[in-house]
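User: Hi! I'd like to understand the labels used for this structure. Could you go through them with me?
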Amino acid sequence: MTLAAAVVAAGIPSPSQGVWHLGPFPLRAYAFAILLGIAAAVVLTRRRWAARGGDPETVLDITYWAVPFGIVGGRIYHVLSSPDAYFGPGGDPVRALYVWEGGLGIWGAVAFGAVGAWIGCRRHGVRLAPFADALAPGLLVAQAIGRLGNWFNQELFGGPTTLPWGLQIDEAHLPAGFEPGTLFHPTFLYELLWNLAAAALLVWLDRRFRLGHGRVFWLYVAFYTAGRLWIELLRIDPAETVLGLRLNVWTSVVVGLGALVAFVLVGRLHPGRDATLLRTPPTTQDDEADASAPAR
């Protein structure tokens, strides 16, 4: 065997296991990847929020609302976009509740997480748009780290490849119709690298052009969907299709175009950074002065 052939045959190994047991308690790599991603996003967002003049402790308070909403939304989207494993022939509907086994759809996570963040922002008197701008790069970092969970689970990989960085898959996780030893596109790695690069680009663009009013967040959506589009086309895991394309491909196109339109429109209406991070108080200073003035 030549050196080149040996490199191609080697590829990227998959972890031998993704679950460890501490007594009766399972420790899942997927869960650790999600938690590590959330922690990284919180740390980065606290720094960016403080740099904008906000209280970094507020980030934790809002996170307590956004994360549970995001997990529920991510699971709902995953089940709706890949229903056969739960409601198809031989499926088990109860397993739709088994979040720890993997399966969180980013679109549902972002949508529901935004609702949770909105609730948290309202409770703490913070405007959602500047908070979303501070959060956006951290979301990409969290998603990048979370993809390591797919690597440990040996799931959501792409089609076969002979590239040197092809991914090895154990026979227990090998899709039907493929011979043992087949290498696959490591889409988890593609998305990890894409997200980290997009996060760095977001931070640079934000500093260079002083973006605000939600424009950093809309750029996050546009960058992520651009990467997800071509990565999704590589994947071979079962998924719902529309007009011959995977549902997530269409979602990437529609959401990405919507984000670009929103970025342009918001930039025309509100150029520059936000003047304040706080919600408009219920009364103006004049009203407050009148209320505090002595009666005549």
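This is a predicted model: local features need pLDDT of at least 70, side-chain atom pairs count only at pLDDT 80 or more; totals for chains, interfaces and linings use all residues.
User: What makes W204 count as buried, partly exposed or exposed?

Analyst: Residues are numbered from 1 along each chain as its sequence is written, and side-chain values use heavy atoms, leaving out hydrogens and water. Now the label: buried means under 20% relative accessible area, exposed means over 50%, and partly exposed lies in between (1.4 Å probe, protein chains only). W204 has a relative accessible area of 48%, so W204 is partly exposed.

User: Why is the pair of W204 and F209 called edge-to-face?

Analyst: Rings of Phe, Tyr and Trp (its six-membered ring) pair if their centres lie within 6.5 Å; planes under 30 degrees apart are stacked, over 60 edge-to-face, and the rest tilted. Here the centres are 6.3 Å apart and the planes stand at 90°, so W204 and F209 form an edge-to-face pair. F209, with 47% relative accessibility, is partly exposed.

User: What makes the pair of Y190 and W230 stacked, tilted or edge-to-face?

Analyst: Their ring centres lie 5.9 Å apart and their planes meet at 35°, so this pair is tilted. Y190 belongs to helix α7 (residues 187–209) and W230 to helix α8, so the pair ties together parts 40 residues apart in sequence. The helices are DSSP runs (H or I, at least four residues), numbered from the N terminus.

User: How do you know whether Y190 and W230 are buried or partly exposed?

Analyst: Y190 has a relative accessible area of 14%, so Y190 is buried. W230 comes out at 35%, so W230 is partly exposed.

User: Why is α5 called roughly antiparallel to α8?

Analyst: Axes are lines fitted to C-alpha atoms, for helices over the stretch in contact, and angles run from 0 to 180 degrees between N-to-C directions. Under 35 degrees is roughly parallel, over 145 roughly antiparallel, 65 to 115 roughly perpendicular, and the rest oblique. α5 and helix α8 (residues 215–234) pack at about 170°, with axes 13 Å apart. That angle makes α5 roughly antiparallel to α8.

User: Which residues make this contact of α5 with α8?

Analyst: Contact means heavy atoms within 4.5 Å. I106, W107 and V110 of α5 meet F217, Y220, Y224, T225 and R228 of α8.

Methods:
Helices (H or I, at least four residues) and strands (E, at least two) are DSSP runs, numbered from the N terminus.
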